[in-house]
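Here is a short briefing to read alongside the sequence and the fold.

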Amino acid sequence: MRGALTLLSLAALATSTPLAAQSGAAPAQSAAPTPGGPDFLTRPFGTMRPLPSGIRLSGAPVQGALLRGTAPRGVTALDLDGVNVPVAPDGAFLLGFHRDAPALGILTVTLADGQVMSEPLTVEPRAWRREFVAVAARGGLPSEAFLARRKPELEMIDAARARQSDSAGWRQSFIWPATGRVSGIFGSQRIYAGEPGSFHSGVDVAGAIGTPVVAPADGVVILAAPTPFSLEGNLLMIDHGMGLNSAFLHLSAIDVKLGDTVRQGQQIGRIGATGRATGPHLHWSMKWHDARIDPQLLVGPMGQ
């Protein structure tokens, strides 16, 4: 039973829509305001603020945010809450904060002389959009047939995320991989009779089947699903370097292959409705190591 529950939770994390929300429950009764307010989508991604150790960050830590940083000469290692932070030869690095990051993070800085400094980072919370449903979620434990099919899919996703490239896409200003109506936002969540469902792990862009999808930044293809996955459908994953990767779900076609180097703006696939999807759309999710990142905080409002 424990194994089944573990696989169920992993399935919910991998899919674009909360697993419980797929069950056809009653319409939501109320919703909280849009998370974070509009300022989260308009803040500059480049104003560096110094820390006592000489580390400089591109802004204040926020749940779901990705920050760029620079380390002064003499810094030999960085660690954020136990996660090793790679540092480029020029001192540049990334820090990512999970959707549910705690209020305080610790950045550990190791200097060449062996001195270790701890930088406390206050992580700003966000008011995630929540929909409250009076009835319990339908469904239950997945079938044995589903678990048997799902296990190798999750193993492929884990193996892909373990691949690391030397791509410098992480240094770029990211662009939207598709344009259209934003039909789902990062971090939103349904509460069923007091029980929270899985949060939405990315941003959804609605569009007609066949609408081009482009690379939001340079990268290397780390997964091009050979057949549609049970939840994600045609799944494409791209590594941007420094522990940062993107996943593109429900595609009708994948136009690149495993190991390909892609450039920002290059067509990589087409919008579809494969896998568990209620209509044609692109689900774009991002991770920095194990932290779920809000793509909209990188790209800002969609240009018209």
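D204 sits in strand 14, which covers residues 202–206. Keep in mind as you look around that this is a predicted model. D204 is buried, because its relative accessible area of 7% falls under the 20% cut-off.

**Around D204**
- The side chain of D204 makes a polar contact of 2.8 Å with the side chain of H283.
- From D204 to F248 the C-alpha distance is 9.9 Å, and the two residues are 44 residues apart in sequence.

**Around N245**
- N245 belongs to strand 18, residues 244–251.
- With a relative accessible area of 4%, N245 is buried as well.
- The side chain of N245 meets the side chain of R161 in a polar contact of 3.5 Å.
- Setting aside neighbours within four places in sequence, the contacts of N245 include R161, I222 and M237, the run I238, D239 and H240, and also S285, M286 and K287.

- Three strands make up an open sheet in the order 15-21-19, with antiparallel pairing.
- Strand 15 (212–214) and strand 19 (253–254) are the edge strands, as each pairs on one side only.
- Strand 15 and strand 21 (residues 267–270) run antiparallel and are joined by three bridges.
- If you want to find this pairing on the model, look for V213, whose bridge partner in strand 21 is G269.

Methods: Residues numbered from 1 in each chain as written. Predicted model: local features only at pLDDT ≥ 70, side-chain atom pairs only at ≥ 80, totals over all residues. Heavy atoms only, no water. Helix = DSSP H or I, 4+ residues; strand = E, 2+ residues; numbered from the N terminus. Buried < 20%, exposed > 50% of the residue type's maximum accessible area, 1.4 Å probe, protein only. Polar contact = N/O pair within 3.5 Å; in protein donor to acceptor, adjacent residues only side chain to side chain. Contact = heavy atoms within 4.5 Å. Pairing = 2+ DSSP bridges.
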